[in-house]
Amino acid sequence: MKVLFAGGGTAGHINPALAIASYVKECEPDAEILYIGAKGGMEERLVPQAGFDFKSITVQGFRRGMSFKAFKENIVTVQKAITASKDAKEIIEAFQPDICIGTGGYVSGPVLRTAAKMKVPTLIHEQNAFPGVTNKMLSGKADRVMLAMPDARKHFKGNCRFVDTGNPVRGEILRQDRQQARKSLGLDERPVILSFGGSLGAQVINEALADVIARSAKDGKYQHIHAYGQYGKWFPDLLRKKGADLDNAKNLDIREYINDMPVCLAAADLVIARAGAITLSEIQVKGKPSILIPSPNVAENHQYHNAMSLVNHRAAVMIEEKDLTPEKLTEEIDKLASDPKRLAEYSENAKKMAIDDASKRIYAVIKEVLSSDKSRK
C-alpha cells in the first residue's frame, strides 16, 4: 500500500498525519509513505525526523483585506497555487499512491485537488470543531471526511460522507498511570495544576498565572507544573518579584518546556491551557478537568469552538482572552480545585467525549475506501 499525506503550517496539522502514518506502518510494515508539505514549513523538519519521505511544494495562503498590498500578495498566491498543482501532479505521477490523506493547511489544497482529478481516493481529517478553510473547500471532493469532533459537521456544506474518528493520541499518553506519574515527579496528594501556553509560551497566560503560583509558593496550597515557553524566560523573575522563593518552594515545578507531557498530564488534577485540537484530545482521553483560554489569533477562531465543545458537555471552564485577568483565573482555579465533586464530574464528562482508538478508526476508513475503490475498477 502506498499512502500520500499532505498537511502543514502548524503542529496541529502535522502531528495527526505523522500519527496516522506511524499506525499504518505498524499495521503494514511494507507500506510506503510519502508526505508532501510546504517548502520552508515546520513539516520540512518534523517529517524527516519522524522517519518518513518528504517532498515540498511552494504554496501560501490568501491574505484577507482590500489593501493594495493584500491584492498584490494574492496575485502571487494564485501564481504559486498553479505551480503547486503542477508540482503535486509530478509527485503523484511518480509515487503512484493508492490513497491520499489531507490533514489541513494550505498545502493540502493543491495536493488533494490534484489527487482527486487523477482518480486517487482522497480522505481529509479535520482536527477542530470549526473546520479550516482548506478542508471545507476540499470536502466535496473527498471520499470521506474524518472528524475529530462531531460538532464540525454543521460547518460543512454539500453531501459529505462523514466518519467520526477522533484525533490520533500518542500511545505514551494513553498508557501513563496517574499514581506512577505523581511518584516519578515527587508529588504528594495536594491538588496538582498543570499549565502551559504552547512551546513558544503565551504572555497573557503567564501573566495571569503569576499571582496564584506566587501565592502557592507561600501557602503550599497547590502543586504547580508550569511551562512558560521560549518567549517567557522573564517569568521566573516575575514570580520572584511577587515574593516566590523558587529555590525552596518544592511544590513548584517551573520550566521553559514540558518534555515529559505524558507524565505531567497523567499526574495533573486540573489543566490550564489553550484549546488546540490535539491538546483537547489528550485532555479528554486522560479525563482531565480543564480551564481553557482559547487563542484569538488563529484561523476562524477555531480554538473558541474547540473549547465550547467541552464547555457544552460540562467538561471544562472557558475564559476568553479578552476577559482574562489574574483575579478571574485565580477565582476559577480555587472554585474548581476545591470542589472534588465538580472535578470528578468534569473528569467523567471529558472521558465520555474521548476517542482513544482514533488511529485504529482512521486505518479502518483507509482500508474500507481502498476496498470500495478496487471493487469499482
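This is a predicted model: local features need pLDDT of at least 70, side-chain atom pairs count only at pLDDT 80 or more; totals for chains, interfaces and linings use all residues.
Biologist: Which residues in H11 are buried?

Modeller: Ala 277, Ile 278, Leu 280, Ser 281, Glu 282, Ile 283, Gln 284 and Val 285 are buried in this helix, a DSSP run (H or I) of at least four residues.

Biologist: And what comes just after H11?

Modeller: Gly 287 follows, with a positive phi of about 60 degrees.

Biologist: How many cavities of 30 Å³ or more are there?

Modeller: The count is 1 cavity, that is, a set of points on a 1 Å grid where a 1.4 Å probe fits but cannot get out, with lining residues having an atom within 4 Å of a point. The space in the largest cavity is about 80 Å³.

Biologist: Which residues line the largest cavity?

Modeller: Its lining consists of Ala 148, Met 149, Gly 166, Asn 167, Val 169, Ser 281, Gln 284, Val 285, Met 353, Ala 354 and Ile 355. Helix H11 (residues 277-285) gives the largest share, 3 residues. By class, 7 of the lining residues are nonpolar and 4 are polar, with no charged residues.

Biologist: What about the second largest pocket, how much space lies in it?

Modeller: The second largest pocket holds about 160 Å³; a pocket is an open set with protein on both sides within 12 Å along at least five of seven lines. Ala 148, Met 149, Pro 150, Asp 151, Asp 164, Gln 284, Ser 309, His 313, Met 353 and Ile 355 form the lining. This lining divides into 5 nonpolar, 3 polar and 2 charged residues.

Biologist: Changing topic, in what order do the 7 strands of the sheet run?

Modeller: The open sheet has the order E3-E2-E1-E4-E5-E6-E7, with parallel pairing, where a pair needs at least two DSSP bridges and a strand at least two residues.

Biologist: Which strands stand at the edges?

Modeller: These are E3 (53-57) and E7 (162-164), each with a single partner strand, so one side of each is left without a neighbour in the sheet.

Biologist: How many bridges join E2 to E3?

Modeller: Strand E2 (residues 32-38) is joined to E3 by 5 bridges, and the two run parallel. Ile 36 has Lys 55 in E3 as its bridge partner.

Methods
Residues are numbered from 1 along each chain as its sequence is written. Side-chain values use heavy atoms; hydrogens and water are left out. Grid points are joined across faces, edges and corners, and a volume is the space filled by probe spheres set on the points. Ala, Val, Leu, Ile, Met, Phe, Trp, Tyr, Cys and Pro count as nonpolar, Asp, Glu, Lys and Arg as charged, and the others, Gly among them, as polar. Buried means under 20% relative accessible area, exposed over 50%, partly exposed in between (1.4 Å probe, protein chains only).
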